[in-house]
There are 2 protein chains.
Amino acid sequence: VLAGDRRAVAQAITVIENGLPGYEELSDEVYRATGRAWRIGVTGPPGAGKSTLVDRLVARFREAGRTTAIVAVDPSSPFTGGALLGDRVRMDDRAGDHGVFFRSLATRGAPGGLAVAAEATADVLDAAGFDVVLTETVGVGQSEIEVASATDTVLVVLVPESGDSVQAMKTGLAEVADVFCVNKADHPEASLVVRALRQAIELRAARDDGWSVPVVQASATMNEGIGNLMDSLYLHAGCAETQRASRRRERLRVRVMRLVESAEREEYWTSGRQRALESALAAGDAAPYGAAAALLAARSDPA
Amino acid sequence: VLAGDRRAVAQAITVIENGLPGYEELSDEVYRATGRAWRIGVTGPPGAGKSTLVDRLVARFREAGRTTAIVAVDPSSPFTGGALLGDRVRMDDRAGDHGVFFRSLATRGAPGGLAVAAEATADVLDAAGFDVVLTETVGVGQSEIEVASATDTVLVVLVPESGDSVQAMKTGLAEVADVFCVNKADHPEASLVVRALRQAIELRAARDDGWSVPVVQASATMNEGIGNLMDSLYLHAGCAETQRASRRRERLRVRVMRLVESAEREEYWTSGRQRALESALAAGDAAPYGAAAALLAARSDPA
């Protein structure tokens with residue numbers, strides 16, 4: 001992996017994604033070799049044009065001579081695995097370029113959850129020497145936001161359909177965004193959305209790191225505004241340089257907490273506690289808080 | 001609340017939403033008075049037209065003489081509270097109708113999380129005597145899916161833009177859907193998506209409850225196909241009648257487990273464990289799994 005061997009990289013990711021034997025040691029060893037790559041998280045509602053935009057960014061990074069890895073986080077369902085797949089053929093035209101690595105992560109069963117697996121995957125690519133690691137999510141649920149946030153620079157992509165962007169804002173995207181991109185800039189309401197976003201950002205208290213979140217208009221399909229977007233991303237990378245160490249420390253903190261909590265959760269429902277739960281529920285007047293309180297009170301003897 | 005007093009209902013929901021003193025007792029007492037209402041969860045990606053569709057369904061239920069409550073689960077961010085709000089004026093034209101109750105839930109800080117708060121809110125409306133309680137989510141993240149799933153009938157709304165529906169399927173919606181509605185049926189690709197969905201459903205193993213998930217085409221804005229959709233919903237309600245008791249018991253089980261886990265999580269990071277975490281992270285070679293393992297090993301003395 002450290003030598004940048006593509007097959008080793010792919011295998012390491014598979015081990016981590018599926019929690020195969022030894023994935024903890026592998027993750028930790030790889031982790032210690034990280035710190036060089038610029039990690040960019042891309043999130044936004046479905047249909048915002050994230051994939052096309054990511055393709056444009058990859059093209060720019062390649063022009064600038066930077067090797068780039070893309071992690072597409074797809075919490076695939078086993079049900080849809082076969083029947084509805086096939087939106088990921090897009091990277092094929094870069095198949096000959098060894099400076100690009102594309103990986104789709106189907107991490108629903110990954111130990112520790114989506115965010116942990118995505119971050120460990122980015123670690124592998126960082127350790128393998130990629131200059132830029134782009135982590136892209138499919139939706140804007142809480143876990144997708146966590147995935148995108150575990151990076152150096154968070155790019156939130158919105159579209160001008162007012163309902164969409166309002167709803168996206170409500171799901172907590174605003175707090176994590178380092179750069180906003182309003183895609184489909186040719187839409188009649190694009191400038192309206194940009195103005196509303198800028199206003200909302202101004203109204204907010206200044207960020208601790210002093211960074212003022214830019215709102216960039218672009219059109220991924222027409223390849224317009226991508227230069228401006230790149231400028232904003234680079235600007236944030238520069239400004240964030242001093243913050244990077246503390247941001248990474250904080251990320252490690254969150255990650256360790258997640259691992260501990262998920263290990264605890266797995267251990268929690270012992271057979272004794274399961275039985276206690278069943279009998280609490282079997283009580284004729286079982287109601288949620290009463291049952292929970294009874295269980296928590298009884299936990300001193302988990303049998 | 002039990003007398004159906006609207007002000008009391010609104011106040012009870014506020015107490016639950018914000019975890020005000022006594023919310024546990026209130027929740028449990030209200031819970032014991034539930035079981036009459038038909039609970040329908042509506043979910044789907046942003047922009048699928050869920051709100052308009054819900055409005056149409058409400059109109060039909062009202063025509064049939066059924067009182068209806070709508071819970072719109074909006075995990076609002078404090079940041080967007082003022083600047084980007086205002087998509088929820090739509091219920092105003094029903095303001096004079098006492099058979100309709102609309103409530104938007106901003107539950108990011110609610111104790112136990114989104115799903116617990118939404119279910120307790122539905123309990124209040126059930127206990128207050130509403131015939132139908134529609135719980136609608138904004139997005140399709142994991143927590144939104146949990147919210148919608150904690151109902152008797154889960155309606156998943158998709159739109160024919162192929163990317164959207166494929167992505168929506170990937171986020172785990174397929175497992176929870178009792179009825180699919182492909183909205184914007186006038187779209188050229190609508191029948192294609194319907195066919196793909198039906199095929200995917202057929203390929204899947206039969207459900208334990210014997211229900212075969214229907215896929216209905218509709219156009220909420222043009223008010224077309226709503227009758228068919230209503231038929232499918234009623235059909236599921238009828239079929240689910242026998243399943244309802246076991247489904248509710250399972251819901252209570254999940255809910256109690258969530259409450260216990262969230263109480264445990266809150267208690268977990270004692271000051272002693274926080275200190276242990278900090279020192280694990282301060283170690284020069286700190287890496288995620290090593291640090292987590294050290295913490296878990298040291299947990300016998302949490303100080």
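Guide: A residue is called buried when its relative accessible area is under 20%, exposed when it is over 50%, and partly exposed in between, using a 1.4 Å probe and protein chains only. Helices (H or I, at least four residues) and strands (E, at least two) are DSSP runs, numbered from the N terminus. With those terms, strand β5 (residues 153–158) of chain B is mostly covered, since six of its six residues are buried. This is a predicted model, in which local features need pLDDT of at least 70, side-chain atom pairs count only at pLDDT 80 or more, and totals for chains, interfaces and linings use all residues. Residues are numbered from 1 along each chain as its sequence is written, chains are lettered from A and ligands numbered from 1 in the order in which they are written, and side-chain values use heavy atoms, with hydrogens and water left out.

Visitor: Which residues lie on the two faces of β5(B)?

Guide: In a regular strand the side chains alternate between the two faces of the sheet. In β5(B), Thr153(B), Leu155(B) and Val157(B) are on one side and Val154(B), Val156(B) and Leu158(B) on the other, and all of them are buried.

Visitor: Which bridge partners does one find for residues of β5(B)?

Guide: Two strands pair if DSSP finds at least two bridges between them. Strand β1 (residues 38–43) of chain B runs parallel to β5(B) and is joined to it by four bridges, with Gly41(B) partnered by Val154(B). Four bridges also link β5(B) with strand β6 (residues 179–182) of chain B, again in the parallel sense, and there Val157(B) has Cys181(B) as its bridge partner.

Visitor: Is Cys181(B) buried or exposed, and how many disulfides are there?

Guide: Cys181(B) has a relative accessible area of 0% and therefore counts as buried, and Cys181(A) is likewise buried, at 0%. A disulfide is a pair of cysteine sulfur atoms within 2.5 Å, and by that rule the count over all chains is zero.

Visitor: Where is Asn183(A) found, and what does it touch?

Guide: Asn183(A) is in the loop between β6 (179–182) and α7 (190–203) of chain A, and it counts as buried because its relative accessibility is 3%. Contact means heavy atoms within 4.5 Å; leaving aside residues up to four places away in sequence, Asn183(A) touches several residues, among them Ala48(A), Val157(A), Pro160(A) and Ser219(A). A polar atom of the Asn183(A) side chain lies 3.0 Å from the backbone oxygen of Ala48(A).

Visitor: What span should helix α4 of chain A have?

Guide: The expected span of a helix is 1.5 Å times one less than its number of residues. For α4 (residues 114–127) of chain A, with 14 residues, that should be 20 Å, and the end C-alpha atoms are 20 Å apart, which agrees. Of the 14 residues in α4(A), 14 are buried, and just after this helix Gly129(A) takes a positive phi of about 100°.

Visitor: What covers the buried residues of α9(B)?

Guide: The buried residues in α9(B) are Gly272(B), Arg273(B), Leu277(B), Ala280(B) and Leu281(B), and their cover includes α8 (226–268) of chain A as well as α8 (226–268) and α10 (288–297) of chain B.

Visitor: What average pLDDT does chain A have?

Guide: The predictor's confidence in each residue, from 0 to 100, is its pLDDT. Chain A averages 82, and 85% of its residues score at least 70. Over residues 77–90 of chain A the pLDDT is below 50, although this stretch has 35 contacts in the model beyond near neighbours in sequence. The model scores ipTM 0.76 and pTM 0.73.

Conventions:
A polar contact is a pair of N or O atoms within 3.5 Å; within protein, one must be able to donate a hydrogen and the other to accept it, and residues adjacent in sequence count only if both atoms are side-chain atoms.
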